[in-house]
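Thanks for coming. I will take you through one structure this morning, one chain at a time, and then the place where the chains meet.

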Amino acid sequence: MSLVRVALGFSLAALIGIPVGLLMGASYHARKFLSLMVEMARPLSAIALLPLSIIIFKAKTFSQLFGLEYLRYQKNLLNEMQLGMIFILFWGGVFPIILGTIQGVRSVRKMHLEAAGILGANRLFSFRHVIIPSALPDIFHGLKLGIGRCWMVIIAAEMLPGTNSGIGYLIRYSYQLSRYDIMLASIVIVAFIGALFSKGLESLGEKSLVLRSKER
Amino acid sequence: MTALKVTNLSKTYRESAGDVHALGPVSFEVEAGEFLCFLGPTGCGKTTLLRTIAGLEKPDTGEVIVQAPHDGGEPVIGYVFQQGALFPWMSIFANLEFPLKAKKIVQDTRRKKVESMLDMMGLSSFASSYPHQLSGGMQQRAALARSLVMEPDLLLMDEPFSSLDMRTSQELQENLRELLKSSSTTVLFVTHNIEEAVYLAGEVIVLGHRPGRIVRRETIDLPDPRSRLSDTFTEYLVSLRKTFESLVSD
């Protein structure tokens, strides 16, 4: 259950974070305009926003969002996808992704852009074939940090009242039942999955990183 | 026909430590198909001159006019950097394909052009390699190929062989002469290596120290193929070295 939540929240963060980061990295005006907002929003802990997001989204779930309320009393995955929780996952994950992407776009070598220009590439072509590929290692780094943050946030969020599924819930519940064996096992699983996420993204990003660092 | 006309070009870099008057004013003209070498000590504004002609820098004064080709289109300008301008995330083939793709040339034509260029440059076996897998000499060869595949009217080369060892550098100089024999491309080649200039150039312009100014213009009248060991070659070498030394000692 936690995995599905993270997958949703993280995908949303990546889907929005990468384009925003690209825009902020490439355009001076977008950076000026958005950076204040990002810098104000970024230090706000996602957990701090959980109560607020529950108020805003009223514990609505995805099944309600898609008008599938008749599924409400059945065991259904969408029933457990509280919008508020997805929102704070998004919040936790999106900032490292934005910052990583900006960093990537900004670190494109000037010579490569000049070469592209002389070779007849217009702005869009350069963006697609020069800026994005050379930003890729940093984007992956941002994604890696982002998924780590999502994973931390989900565990904490699931421990709060009002949840009855997920590994965070399991940790709290087993604590209440004094089943410390289950609690410890869950913690180990959390650590293991966290590492798996991070390694997975790392190996995905590896190829682009190898190509860039070799050249320097 | 004049391929390039540069008038009163000058450039000053404004930096926090103070203004650096890097170049000029310089004026000169180049005939179409000419191979012109700019020879000058480090910091004489050679690179600035080339970058300004390429449109990478804006001059403070003066203008650059690149003659349009016969078909009346925009002149195509090629530029070979000192090193490291290949895109490291693309194979050699993809690197060469880049300018053709940017010009929206159809895939079949693109493929043919790249393949024949790779063949001509002796790079066919490296088509699917990445730049970092190639030696420095091969990388510069590929960078040159990437510029030539656009069939430029004007080719600007900024010390393209200076980072290579002598043997490799000479080999590439020979290749370059061979390649240009059959083309009408006008070349501006910047170097601080006198021998390289005498070997390659039809004409040499010596640039003086900061701010870069034209000190001497000399036609290199040597038969083809050029021999580095011939007496006339050495005479040019010595004569240019004298000019060069007097500049450095100033």
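**Two chains, element by element**

Starting at the N terminus, the elements of chain A read α-α-α-α-α-α-α-α-α. Helices here are DSSP runs of H or I with at least four residues, strands are DSSP runs of E with at least two, and both are numbered from the N terminus. By that count chain A has 9 helices and 0 strands.

Before going on, a word on what you are looking at. This is a predicted model, in which local features need pLDDT of at least 70 and side-chain atom pairs count only at pLDDT 80 or more, while totals for chains, interfaces and linings use all residues. Residues are numbered from 1 along each chain as its sequence is written, and chains are lettered from A and ligands numbered from 1 in the order in which they are written.

Back to chain A. How much of it is buried? Of its 216 residues, 38% count as buried. The cut-offs are these: a residue is buried with 20 or more other C-beta atoms within 10 Å of its own, exposed with 12 or fewer, and partly exposed in between, the C-beta atoms being placed from the backbone.

Contacts are next. Two residues are in contact if their C-beta atoms, placed from the backbone, lie within 7 Å. Among the contacts in chain A with a separation of 6 or more, 72% are between residues 24 or more positions apart.

Now two helix pairs. Axes are lines fitted to C-alpha atoms, for helices over the stretch in contact, and angles run from 0 to 180 degrees between N-to-C directions. In chain A, helix H3, residues 50-57, and helix H5, residues 83-106, have axes that come within 8 Å and cross at roughly 135°. That makes H3(A) oblique to H5(A); under 35 degrees counts as roughly parallel, over 145 as roughly antiparallel, 65 to 115 as roughly perpendicular, and the rest as oblique. H3(A) passes H5(A) in a right-handed crossing. A crossing is left-handed if the near helix is turned anticlockwise from the far one by less than a right angle, and right-handed if clockwise.

Which residues make this contact? H3(A) contributes A:Leu50, A:Ser53, A:Ile54 and A:Phe57, and H5(A) contributes A:Leu83, A:Gly84, A:Phe87 and A:Ile88. By class there are 6 nonpolar, 2 polar and no charged residues. Nonpolar means Ala, Val, Leu, Ile, Met, Phe, Trp, Tyr, Cys and Pro; charged means Asp, Glu, Lys and Arg; the others, Gly among them, are polar.

H5(A) also packs against helix H1 of chain A, residues 2-26, at an angle of about 35°, with the axes 6 Å apart. The crossing of H1(A) and H5(A) is right-handed, and the residues of the contact divide into 21 nonpolar, 8 polar and 2 charged.

A:Ser178, which follows H8(A), has a positive phi, near 60°.

On to chain B. Three of its strands form an open antiparallel sheet in the order E2-E1-E4, where two strands pair if DSSP finds at least two bridges between them. Strand E2 (18-31) and strand E4 (61-66) are the edge strands, each pairing on one side only. Neighbouring strands of this sheet are turned by 20° against each other on average, direction ignored. Strand E1 of chain B, residues 2-15, pairs with E2(B) over 10 bridges in the antiparallel sense; B:Thr2, for instance, has B:Glu31 as its bridge partner in E2(B).

Beyond its neighbours within four places in sequence, B:Leu4 is in contact with B:Glu29, B:Val30, B:Val66, B:Gln67, B:Leu154 and B:Thr186.

Two residues of chain B have a positive phi without being glycine. B:Lys104, at about 60°, lies in the loop between H2 and helix H3 (107-120) and is exposed, with 9 other C-beta atoms within 10 Å. B:Glu151, at about 50°, lies in the loop between helix H4 (136-148) and strand E6 (154-158) and is partly exposed, with 16.

Finally, where the chains meet. 18 residues of chain B are in contact with 18 residues of chain A. On the chain B side, strand E5 (77-80) and helix H2 (92-102) are the elements that give two or more residues, and H2(B) gives the most, with 3 residues. That side divides into 15 nonpolar, 2 polar and 1 charged.
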